[in-house]
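These are my notebook entries on a single protein chain. I set down what I looked up, topic by topic.

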Amino acid sequence: MDSIGKRLKEMRLAAGMKQDAAARRMGMARTTLSAIESGKRQVLAEEIPRFAELYGRSTDEILMETDRKEYIGTMKDDMKTIPKLDTAALNDYSEVRGRLSMEMVETGRNTGGLRHIPHEEMEDLSVVCRIVVGMDRQSRETVLVTNEMLDHYGITKEQLMSDAKENAPKILPASVNSLSEVLGIPTDPGAKDMLYVASVEGMSHGAGVLAYPGFLDNAAQKLGGDFFILPSSIHEVLLMRDEGNITAGELQNIISSVNQNEVSPAERLSNHAYRYDSKEHVFELAERFEERKRENPERASEKSRGSVLTKLQDRKSEISAAQPARDAAGKADRMRGGEAI
């Protein structure tokens with residue numbers, strides 16, 4: 001008997017619907033739908049009736065009797081949580097410390113809110129901390145840490161950030177996978193992957209991995225040296241090996257185009273590209289790196305530059321597909337604890 005994922009793929013094809021269109025209708029990333037159809041990610045309980053409505057089928061057609069055990073297992077998995085934190089426990093930093101996570105926001109668009117929020121800047125981005133009150137496979141309920149809460153806890157911003165950097169990778173581990181792998185796109189044997197997706201497990205509010213201790217060095221090791229960071233959204237970033245054949249301006253044009261046409265304003269991270277120097281261990285704006293190196297430029301041939309730029313332009317739809325779309329406003333509120341910066 002076919003799995004639920006395979007059956008959903010057959011129903012989508014029978015409906016004459018492309019994967020990216022179906023993902024948008026479902027309010028999920030194309031990467032998520034691809035993982036469901038390939039069996040890499042189980043279908044959540046709440047998604048079954050939505051798939052049924054989208055494809056004009058019944059839930060029984062999707063599940064089928066011999067699949068009910070699989071579905072029941074999925075619902076049980078949905079109930080595995082980080083236990084809900086009692087509201088009163090929010091007053092106790094010893095309870096809060098082990099629940100700290102980190103998220104990334106753009107500094108400029110959040111200047112007003114950041115005045116009241118402890119944060120750490122990384123170029124034009126800011127890392128903020130959240131307390132994970134409860135978490136399951138469908139949502140993550142969090143509370144934003146404010147300056148007032150720091151005063152209550154009697155701790156400094158430096159201690160908060162240090163504790164968050166220690167704890168966040170434990171409860172929300174970072175992941176780095178090739179974009180082809182994430183989207184299930186076959187590649188030629190021996191071909192080098194051009195883009196990698198960096199996020200947390202579950203790919204929700206995962207751009208904060210950039211601030212995880214050792215993350216950038218580990219990513220450089222995986223990519224084989226210096227690399228660019230393209231902010232896909234607040235949920236994930238794309239990593240691209242720096243082979244010296246594309247400029248910051250060209251990257252930013254692509255990022256701006258994707259942000260304008262594919263990413264909702266609430267989920268945009270930045271229009272800038274960043275670069276990590278694996279030898280000097282420096283994270284900086286790509287344009288700043290170019291300014292520093294202008295006295296000794298290392299220019300690739302126009303042919304090489306054009307080739308890389310063309311590949312990126314051709315893959316803009318895949319770049320945009322990597323950013324997860326949110327469900328309804330209610331789910332977004334559960335994810336962010338009903339708060340915004």
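Leaving aside its neighbours within four places in sequence, which residues is F215 in contact with? I note first that the model is a predicted one. I looked up F215 and found it in contact with A174, V176, A198, V209 and L210, once neighbours within four places in sequence are left aside.

**Entry: the cores.** I next asked for the largest nonpolar core, and it has 51 residues. F215 is among the residues with the most contacts inside it, together with I131, L210, F227, I229 and L239. The strand that gives the most to this core is β3, residues 125-135, with 7 residues. I also recorded a second, separate core of 18 residues, which includes M26, M28, L33 and F51. As background, I note that nonpolar side chains tend to be buried together in soluble globular proteins.

**Entry: A174.** I returned to A174, one of the contacts of F215. A174 is found in strand β5, residues 174-178.

**Entry: the chain as a whole.** I counted 17 helices and 10 strands in the chain. Of its 341 residues, 51% are buried. The chain exposes about 16,500 Å², and carbon and sulfur atoms supply 48% of that area. Among contacts with a separation of 6 or more, 68% join residues 24 or more positions apart.

**Entry: α2 and α3.** At what angle do helix α2 and helix α3 pack? I read about 105° for α2 (residues 19-26) against α3 (residues 30-37), with the axes 8 Å apart. That angle makes α2 roughly perpendicular to α3. Q19, D20, A22 and A23 of α2 make the contact with R30, L33, S34 and E37 of α3. By class, I recorded 3 nonpolar, 2 polar and 3 charged residues in this contact.

I then checked how far α3 is covered, and 7 of its 8 residues are buried. These are T31, T32, L33, S34, A35, I36 and E37. L33 also belongs to the second core. After α3 comes G39, with a positive phi near 85°.

Entry: I looked up E123, which is not a glycine but has a positive phi of about 55°. E123 lies in the loop between β2 (119-122) and β3. It counts as partly exposed because its relative accessibility is 24%. H281, also not a glycine, has a positive phi of about 55°. I located H281 in the loop between β9 (274-277) and β10 (282-285).

**Entry: S3.** Where is S3 placed? I found it in the segment before α1 (4-14). At 32% relative accessibility, S3 counts as partly exposed. The C-alpha atoms of S3 and M64 are separated by 9.7 Å, and the two residues are 61 residues apart along the chain.

Terms used: Residues are numbered from 1 along each chain as its sequence is written. This is a predicted model: local features need pLDDT of at least 70, side-chain atom pairs count only at pLDDT 80 or more; totals for chains, interfaces and linings use all residues. Side-chain values use heavy atoms; hydrogens and water are left out. A nonpolar core is a set of buried Ala, Val, Leu, Ile, Met, Phe, Trp, Tyr and Cys residues joined through side-chain atoms within 4.5 Å. Buried means under 20% relative accessible area, exposed over 50%, partly exposed in between (1.4 Å probe, protein chains only). Helices (H or I, at least four residues) and strands (E, at least two) are DSSP runs, numbered from the N terminus. Contact means heavy atoms within 4.5 Å. Accessible areas come from the Shrake-Rupley method with a 1.4 Å probe; for residues, only the protein chains shown count as cover. Axes are lines fitted to C-alpha atoms, for helices over the stretch in contact, and angles run from 0 to 180 degrees between N-to-C directions. Angles under 35 degrees count as roughly parallel, over 145 as roughly antiparallel, 65 to 115 as roughly perpendicular and the rest as oblique. Ala, Val, Leu, Ile, Met, Phe, Trp, Tyr, Cys and Pro count as nonpolar, Asp, Glu, Lys and Arg as charged, and the others, Gly among them, as polar.
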